[in-house]
Amino acid sequence: MKNTFLARNPSVLVFILLLAVITLLATVFSEAYGTGLLPTNYVKILGKTLCLCLIAIAMDLVWGYCGILSLGHFAFFGLGGYMIGMWLMYARTEDIVIASMTNAALPPTPDEVRDAIGTQIFGVVGGSDVPLVWSFAHSLPIQLALVVLVPGLLALVFGWLAFRSRVTGVYLSILTQAMTLALSLYLFQNDSGLRGNNGLSGLQNIPGLTDAPQSVLSIWFMWGSALALGLGYVFAAWMVSGKFGNVVKAIRDDEARIRFLGYSVEAYKLFIFTVTAVIAAIAGAIYYPQAGIVNPAEIAPIASIYLAVWVAIGGRGRLYGAVIGAALVSLLSSWFTGGQAPDLPLGFYTVQWVDWWQVLLGLSFVLVTLFAPRGIAGMFDRLVRKDAA
Amino acid sequence: MSALLEVLGVSVTFDGFRAINDLSFSIQPAELRAIIGPNGAGKTTFMDIVTGKTRPDSGRVQFGTPPVDLLRLRESDIARIGIGRKFQRPTVFEAQTVFDNLSMALRNERSPFSALGYKAGKSDIERIEEIASEIGLADHLKRLSGELSHGQKQWLEIGMLLAQDPQLLLVDEPAAGMTLGEREHTTDLLVRTARTRAVIVVEHDMEFVRRLECPVTVLHEGSVLAEGSLDHVTANPEVIEVYLGR
């Protein structure tokens with residue numbers, strides 16, 4: 001019996017190949033390294049979309065494979081962005097402050113530098129001290145570790161409490177929404193130490209790389225995003241294609257039965273919930289330097305619901321389905337709401353897509369649920385199987 | 001020889017209805033026992049209590065030597081220390097292959113980490129093939145279990161029970177939906193299994209119970225009404241009354 005990793009996951013090779021081709025093409029046509037046909041803005045959109053595909057894979061793992069409809073994974077994504085954003089903002093402000101003080105008569109003391117940074121960053125929320133949560137913001141390695149640790153720990157504690165009490169189904173979904181809402185509301189406060197509704201901004205400027213233009217940085221970040229997505233895809237495929245994946249699918253299909261086989265359902269749920277939260281956080285940490293700004297609105301409950309819609313439309317329970325759904329819907333969404341889509345004059349009424357996109361999205365969600373419960377990937381599967389027959 | 005499973009004075013009430021009423025029951029390490037009783041006698045609730053699904057209001061349930069208090073364990077822990085259960089309606093994982101179903105049931109480490117690193121070794125594959133031929137599914141290992149017939153699913157679930165390698169098997173209506181030949185095979189398998197471990201069979205079908213040739217416990221209104229050979233209990237006037245109605 002041929003049972004290698006690739007034999008069990010034929011989609012992995014195709015996916016990696018496609019990903020490499022897209023990234024190479026984008027580089028060839030980029031402003032920094034190629035013909036300049038593709039504006040830097042579009043490179044950034046591509047890079048960001050790859051990150052959204054990565055969080056969609058996380059969502060597919062937790063929902064499509066394990067049956068936990070988490071409506072809170074965007075909170076982990078946002079937290080990942082905040083953690084890397086703190087370093088980006090602090091280190092850059094530090095550079096600027098030191099540069100502006102070089103002309104002073106006396107060299108500035110570390111305290112003076114810190115005070116100046118505090119005023120610079122927290123002036124907008126009426127503060128001047130650097131809050132305690134920023135204690136490690138000067139250190140890239142520590143903040144990188146926090147990208148994984150903070151969302152991971154939050155997911156671990158939340159999941160432990162929820163799964164231990166055997167909260168399942170719609171109740172768990174509501175609980176995850178509550179978590180997201182609470183986090184978002186907390187971050188909206190000015191004294192949260194994370195600049196309230198202003199969020200963290202200027203994240204597209206990478207400290208130490210101030211000479212590199214955005215056109216170059218965008219390509220680097222796009223490659224970084226593609227690498228993360230590729231690794232995430234392989235990791236997810238590895239996770240679900242072995243015995244672990246079988247148990248997780250069994251939990252989705254009949255939780256009580258797998259318990260009687262001696263499996264601790266709670267341990268498995270907690271494991272996959274935490275791992276996917278970490279994947280989401282990593283995706284966020286790569287996304288927000290490309291977006292340039294992270295604020296509490298990003299963590300709003302609706303974002304996590306959209307994530308579920310992407311995966312449902314793309315086809316849950318299939319990794320490439322999640323990727324297709326996230327890429328398609330998020331790109332269409334920014335096209336329709338970005339004002340690029342031409343208005344549709346109907347004579348008696350003009351359809352403006354900025355308003356009507358939501359209706360269109362909602363409608364397609366209903367249609368997919370009714371007529372293609374396995375999403376786009378499901379229809380794709382049917383075609384492939386017909387060809388084979 | 002001390003009992004493998006000891007149930008002492010257990011009672012459980014659902015919304016004022018006494019499903020199990022001061023029930024005491026015990027079984028030896030290598031014993032076959034049939035439990036019969038009319039609907040609502042508490043047969044399924046009894047299984048639920050032993051497997052940890054339902055917590056009784058009072059009483060004790062002990063298992064193994066030295067005795068472990070089952071009432072303090074979760075379902076998955078109870079399954080792990082050696083109690084396997086086959087449900088009345090066959091419940092297999094239909095989206096997965098016969099091989100994967102058996103592989104999950106196989107007695108191995110159960111933690112997420114061990115499952116991630118698991119690779120089916122030679123001995124595991126051999127054991128799965130051995131079980132598959134025992135349950136007549138050797139040629140169906142790669143099929144999705146959802147595609148199997150009702151009887152085959154029934155067999156697969158019995159196979160999963162064997163793969164778990166439990167000390168005590170709780171089998172709920174194993175012969176339902178089986179042909180005569182399959183029933184004989186099932187009887188055979190259960191009798192053979194009971195040589196090395198304890199098997200409790202819950203069954204409605206008297207003919208099937210007769211073929212098992214084992215002691216019978218009659219449950220009625222949540223407690224033991226009679227115990228003994230099938231001929232002995234069916235001669236009991238109380239049992240006749242319960243079965244024929246008042």
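## Two chains, strand by strand

In β5(B), V68(B) is the bridge partner of F63(B). Strands here are DSSP E runs of at least two residues, helices are H or I runs of at least four, and both are numbered from the N terminus. Two strands count as paired if DSSP finds at least two bridges between them.

This is a predicted model: local features need pLDDT of at least 70, side-chain atom pairs count only at pLDDT 80 or more, and totals for chains, interfaces and linings use all residues. Residues are numbered from 1 along each chain as its sequence is written, while chains are lettered from A and ligands numbered from 1 in the order in which they are written.

**The sheet in chain B**

Strand β4(B) covers residues 58–63 and pairs with β5(B) in the antiparallel sense over two bridges. The two strands form a hairpin with four residues between them. In its turn, G64(B) has a positive phi of about 80°. On its other bridges, β4(B) pairs with β1(B), again antiparallel.

Which strands make up the open sheet, and in what order? There are four, in the order β2-β1-β4-β5 of chain B, with antiparallel pairing. The edge strands are β2 (17–27) and β5 (68–69) of chain B, and each pairs on one side only. Helix α1 (residues 43–50) of chain B packs on this sheet. The helix touches β1 (5–14), β2 and β4 of chain B. Contact means that C-beta atoms, placed from the backbone, lie within 7 Å. The direction of α1(B) makes about 65° with that of β2(B). For such angles, axes are lines fitted to C-alpha atoms, for helices over the stretch in contact, and values run from 0 to 180 degrees between N-to-C directions.

Q62(B) stands opposite D69(B) in β5(B). E6(B), in turn, stands opposite Q62(B) in β4(B).

Another pair lies further along the chain. Strand β9 (residues 216–220) of chain B is joined to β10 (residues 223–228) of chain B, and the two run antiparallel. L219(B) has V224(B) as its bridge partner in β10(B). The hairpin has two residues between the strands, and E221(B) takes a positive phi near 50°.

| Strand pair | Bridges |
|---|---|
| β4(B) and β5(B) | two bridges |
| β1(B) and β4(B) | five bridges |
| β9(B) and β10(B) | five bridges |

**Chain A**

Chain A has 15 helices and four strands. Its radius of gyration is 23 Å, close to the 21 Å that the globule rule gives for 389 residues, so chain A is as compact as a globular protein of that length. The radius is taken over C-alpha atoms, and the rule is 2.2 Å times the number of residues to the power 0.38. Of the 389 residues, 44% count as buried, meaning that 20 or more other C-beta atoms lie within 10 Å of their own C-beta atom.

**Where the chains meet**

How many residues of each chain are in contact with the other? 20 residues of chain A are in contact with 21 residues of chain B. On the chain A side, α9 (243–253), α10 (255–260) and α11 (265–291) each supply at least two residues. α9(A) gives the most, with seven residues.

How values were computed:
Two residues are in contact if their C-beta atoms, placed from the backbone, lie within 7 Å. A residue is buried if 20 or more other C-beta atoms lie within 10 Å of its own, exposed if 12 or fewer, and partly exposed in between; C-beta atoms are placed from the backbone.
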